[in-house]
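Subject: Structure handover

Hello,

The structure we spoke about is below, sequence included. My notes on it follow; please read them alongside the model.

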Amino acid sequence: MAAPGENLRINADRLWEVIHEMAKIGPGVAGGNNRQTLTDEDGEGRHLFKRWCEEAGMSVAVDQMGTMFAMRPGTDPDALPVYVGSHLDTQPTGGRYDGVLGVLSGLEIVRTLNDLGIRTKHPIVVTNWTNEEGTRFAPAMLASGVFAGVHELEWAYDRRDKEGKRFGDELQRIGWKGDEPVGGRKMKAFFELHIEQGPILEDEGIDIGVVTHGQGLKWLQVTITGKESHTGSTPMPKRRNAGLGMARVMELVHEVAMDYQPNAVGAIGHVEIHPNSRNIIPGKAVFTIDIRSPDKKTLDTMDARIREGIATICEAMDISHEVEQVGHFDPVTFDEGCVNAIRRAAERLGYSHRDIVSGAGHDACWINRVAPTAMVMCPCVDGLSHNEAEEISKEWAQAGADVLFHAVVETAEI
Ligand code: HGY
Ligand code: MN
Ligand code: MN
Ligand code: MN
């Protein structure tokens with residue numbers, strides 16, 4: 001299998017240009033993006049991506065979860081395609097690169113092959129997975145999860161956002177509900193380039209993260225019910241304060257995660273207090289616990305300790321609680337062959353690199369169940385992501401996309 005020559009590189013200026021073109025759709029309030037899944041802005045971004053793909057000679061298919069597959073034919077139509085991609089949806093206060101870098105680097109690979117007049121043996125398919133973020137409709141990586149057979153299509157369609165809008169209806173409304181059944185596609189391999197979203201690569205001055213594993217995740221949605229009453233006239237001992245209960249659980253989650261450093265993280269990012277009035281003791285609190293660990297046993301132990309702790313807190317406060325698991329995947333080990341292709345590419349291109357475990361979840365974590373999969377990471381400034389100030393350098397984008405290009409083209413065979 002001939003490897004691409006070490007001087008083969010992508011066009012970083014062109015990649016940088018399309019990233020910032022995409023960033024104009026669904027702008028945030030502080031320089032980042034708010035292009036949440038299945039909003040009109042998401043729909044607009046999809047149309048732009050589709051136009052770029054068609055201009056690059058690709059045909060674009062859409063499946064029943066709205067995932068987009070832009071295919072560049074190979075010389076052998078029977079050869080299993082090599083897939084490369086990520087997601088175009090963003091957090092409500094997201095950055096310009098999270099997900100977008102991976103999708104548009106896939107487009108740049110095709111544009112570079114077009115420039116060079118190179119036709120690979122295996123087709124190449126650039127992919128935009130629907131609802132990777134899971135912030136509007138939980139869980140995260142929803143479409144890639146349906147593709148990998150983890151979630152049923154109808155269950156996914158029934159996910160609801162905070163206004164009670166249904167995923168399937170919103171997908172229909174923005175006009176991106178495709179006909180293609182989800183999950184029928186066979187892949188030779190799937191590669192995803194993503195910013196690290198953590199500080200390791202930048203702190204160590206390293207260009208490329210060769211992602212060998214992804215940490216596991218659990219999202220536990222907790223509902224605590226107390227009793228609404230007057231904040232002025234209700235004696236302290238008689239209060240059943242759901243908001244206080246939530247605060248104690250927040251502390252519990254932090255303490256449990258700290259017990260397993262550095263192999264664990266935990267936080268609560270989503271909270272709803274009811275009725276949320278200045279002079280009413282909260283009668284209800286709804287919030288989501290996000291715990292993660294590269295070690296399955298640690299993740300399961302944290303889950304058990306937190307559930308036990310919630311029961312103890314609520315019993316002592318005479319408030320009730322329910323815990324529902326709304327997101328979960330076990331730690332992931334990526335495909336050794338694909339990981340080695342990435343490592344070889346970094347060496348051939350002379351980029352510094354190190355093995356790394358992904359702290360964030362990615363579509364690759366699910367696709368790894370149905371196809372040989374691996375990820376490339378590039379640094380981001382201060383390791384910051386899921387923040388509008390998310391930033392990378394063009395050089396980092398070049399390095400990541402060059403390595404992705406070599407890994408994909410070597411696997412697709414020239
Ligand atoms: O939550 C995650 O790890 C992903 O960024 N959606
Ligand atoms: Mn992402
Ligand atoms: Mn993200
Ligand atoms: Mn992700």
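The salt-bridge count comes to 29, where a salt bridge is a side-chain nitrogen of Lys or Arg within 4 Å of a carboxyl oxygen of Asp or Glu. This is a predicted model, in which local features need pLDDT of at least 70 and side-chain atom pairs count only at pLDDT 80 or more, while totals for chains, interfaces and linings use all residues. Residues are numbered from 1 along each chain as its sequence is written, chains are lettered from A and ligands numbered from 1 in the order in which they are written, and side-chain values use heavy atoms, with hydrogens and water left out.

Among the salt bridges is that of Lys 188 with Glu 413, with N and O 3.0 Å apart. The two residues are 225 apart in the chain: Lys 188 sits in the loop between helix H6 (167-173) and strand S5 (189-195), and Glu 413 in the segment after helix H12 (394-412). Helices (H or I, at least four residues) and strands (E, at least two) are DSSP runs, numbered from the N terminus. Lys 188 is partly exposed at 22% relative accessible area. On this scale buried is under 20%, exposed over 50% and partly exposed in between (1.4 Å probe, protein chains only).

Lys 218 and Asp 300 form another salt bridge, at 3.3 Å between the closest N and O atoms. It links strand S7 (residues 216-225), which holds Lys 218, to helix H9 (residues 296-317), which holds Asp 300, across 82 residues. Lys 218 is buried at 8%, whereas Asp 300 is partly exposed at 28%. Both belong to a salt-bridge network that also includes Lys 296, Asp 303, Arg 307 and Asp 330.

The side chains of Arg 348 and Glu 410 also meet in a salt bridge, with N to O at 2.7 Å. Arg 348 is in helix H10 (residues 336-349) and Glu 410 in helix H12, so this pair ties together parts 62 residues apart in sequence. Glu 410 is buried, with 6% relative accessibility.

Next, the metals. The manganese ion (ligand 2) is coordinated by His 87 (NE2), Asp 98 (OD) and His 194 (NE2) at 2.0 to 2.2 Å. Donors here are N, O and S atoms within 2.8 Å of the metal (3.2 Å for Na, K and Ca); water is not among the atoms, so sites may look incomplete. Along the chain, the donors of ligand 2 follow the spacing H-x10-D-x95-H. Asp 98 coordinates the manganese ion (ligand 3) as well as ligand 2, and these two ions are 3.4 Å apart. Asp 98 and His 194 are both buried.

The manganese ion (ligand 4) is 2.9 Å from the manganese ion (ligand 2). Its coordinating atoms come from Glu 132 (OE) and Gly 361 (O), at 1.9 to 2.4 Å. Glu 132 counts as buried at 5% relative accessibility, and Gly 361 at 10%.

Glu 132 and Gly 361 are also among the residues around ligand 1, together with Glu 133, Ala 140, Arg 292, Ala 360 and His 386; a residue is near a molecule if one of its heavy atoms lies within 4 Å of it. A nitrogen atom of ligand 1 is 3.2 Å from a side-chain N or O atom of Glu 132. For His 386, an oxygen atom of ligand 1 is 3.5 Å from a side-chain N or O atom.

Regards

Note on methods: A polar contact is a pair of N or O atoms within 3.5 Å; within protein, one must be able to donate a hydrogen and the other to accept it, and residues adjacent in sequence count only if both atoms are side-chain atoms.
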